[in-house]
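Thanks, everyone. I'll talk about aromatic rings today. Please have the structure open while I go through them.

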Amino acid sequence: IPCSMAGEEDFFLEEKRFKQHCEEFVKHSQQIGDGWEWRTSKDLGDGYLSKTHFQVRNRHIPPDLKEKTDDNIEQTLLAHVEESLDDSQVAGVCTTEEVIRYEYHVLYSSSYQVPVLYFRACFLDGRPLTLEEIWRSVHACYQDRLQEGPWDTITQQEHPILGQPFFVLHPCRTNEFMSAVLTGPWKHKRHKNYIILWLSTVGPVVGLNLSLSYAKVAPEQNSSTVPA
Amino acid sequence: MTDDKDVLRDVWFGRIPTCFTLYQDEITEREAEPYYLLLPRISYLTLVTDKVKKHFQKVMRQEEVSEIWFEYEGTPLKWHYPIGLLFDLHASNTALPWSITVHFKNFPEKDLLHCHSKDVIEAHFMACIKEADALKHKSQVINEMQKKDHKQLWMGLQNDKFEQFWAINRKLMEYPPEDNGFRYIPFRIYQATTERPFIQKLFRPIASGGQLHTLGDLLKDVCPSAISPEDGEQKTQVMIHGIEPMLETPIQWLSEHMSYPDNFLHISIIPRPTD
């Protein structure tokens, strides 16, 4: 089994395994050209996965909505480029296309023994997105969970290797849902790459998606176990 | 036993005399006088400087004021580090009072976390406590506590109430009778000269043979450059709460008695003064 089990319900990822799974992950990324790389720190030899990508967002600010806004809250609707407006709406809408640069890092937390997703985002002029803008951009289907406990979900923290402000998706509940995935009826999934399983689950919350081809990645030593 | 409890009080009530001066380029309507304050070592800058903010805002126009931030000799001060750590790391061998410069413009986005409300400080503080308990007790103690207990830890810190804080915190300092200490020690080692903000690793307080690991053992394992070879001169100081504990001190004892309220041992490695 690629991951160590500490008790029936606990599912911890050792740092060595983390590095191995990241290596595998990067190999696949290089094959499909989706931009992930491994960065090693110069002083202590630990490291992290890194990827940068750009997203284009359309800002629609319908005139009537502007009047309804609270004084303090800027209403920003982030919509996809595909959305079409009928003629009556087009006349009143001001559209600004914005390019946002996202940088995603996957680090290992020795305290929780799980991977952690760090990210930062800024406009092309260098202005970083605020925490509020990040919260607003969380995918609609995760907004309920976010509203319940925003301070337990995504906050700004210091990157433990670079020392700069990043946003972080909190790791304390990772063990919970990863245990659910990797035990019980899904025991056969244990031979899979932990990073791929984990990132495909948490990534979409913050706009990070993995190509479906990652689902086919399996560790090289797994010749005897038959995947379901 | 009484001596050990005294250490808890000494740590909690440690203060640093500080002089706050407004940055010269800030635009004021009148001259801004410096503001003097005794800062609690165990707290956070943005939690204890409301009076500083009010004092300087009195001489400034509303439009010139945005998020406050602090700087010492050109280095932006990370509000999310405890005050005592910032002082030990940057200014411990300089003359008192500690001179901090106050800014209201040009927030350094690349260096500092934002702190728009007390909620941010509370979230950060509680996240540190939770991480410390993940190391000490696999999160069992903190998860068994009720929300009101968590609130009491924060209120104790915010209102400088030693008894209120320790009524709950003592549970985070316990361990099963069959063990001789925590599972792992929550610690971070800081050096102002590195790009990496701190070193944090898994470290057990008890060796496999049952002996207590010491501060020296920790440093040898995690940061060997901090302890120079016996024949050489000690070029660095190992500082916690403004003092240099003996390297023979058991790390379990240090964790129980000299952690900050966030339950972490924040250790500074600084150059030894050459006077």
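**Aromatic pairs and charges over rings**

Let's start with A:Tyr104. This residue is buried, with a relative accessible area of 0%. Keep in mind that this is a predicted model.

Now the count. Over all chains there are 20 aromatic pairs. One of them joins A:Tyr104 and A:Phe119. Their ring centres are 6.2 Å apart and their planes meet at 35°, so this pair is tilted. Why tilted? Planes under 30 degrees apart would be stacked, and over 60 would be edge-to-face.

Where do the two rings sit? A:Tyr104 is in strand β6 of chain A, residues 94–109. A:Phe119 is in strand β7 of chain A, residues 114–123. The pair therefore ties together parts that are 15 residues apart in sequence.

Buried or exposed, for A:Phe119? Buried, at 1% relative accessibility.

A:Phe119 also pairs with A:Phe167. That pair is tilted too: 5.8 Å centre to centre, 40° between the planes. A:Phe167 lies in strand β9 of chain A, residues 165–169. Here the pair links distant parts of the chain, 48 residues apart. A:Phe119 and A:Phe167 are both buried.

Over to chain B. Which residues form a cluster through ring pairs? B:Trp12, B:Phe13, B:Phe162, B:Phe165 and B:Trp166.

Last, charges over rings. B:Lys136 sits over the face of B:Phe182, 4.6 Å from the ring centre. B:Arg188 sits over the face of B:Phe198, and there the distance to the ring centre is 4.3 Å.

Notes. Residues numbered from 1 in each chain as written. Chains lettered and ligands numbered in written order. Predicted model: local features only at pLDDT ≥ 70, side-chain atom pairs only at ≥ 80, totals over all residues. Heavy atoms only, no water. Phe/Tyr/Trp six-rings, centres within 6.5 Å; stacked < 30°, edge-to-face > 60°. Helix = DSSP H or I, 4+ residues; strand = E, 2+ residues; numbered from the N terminus. Buried < 20%, exposed > 50% of the residue type's maximum accessible area, 1.4 Å probe, protein only. Lys NZ or Arg CZ within 6 Å of the ring centre and 35° of its normal.
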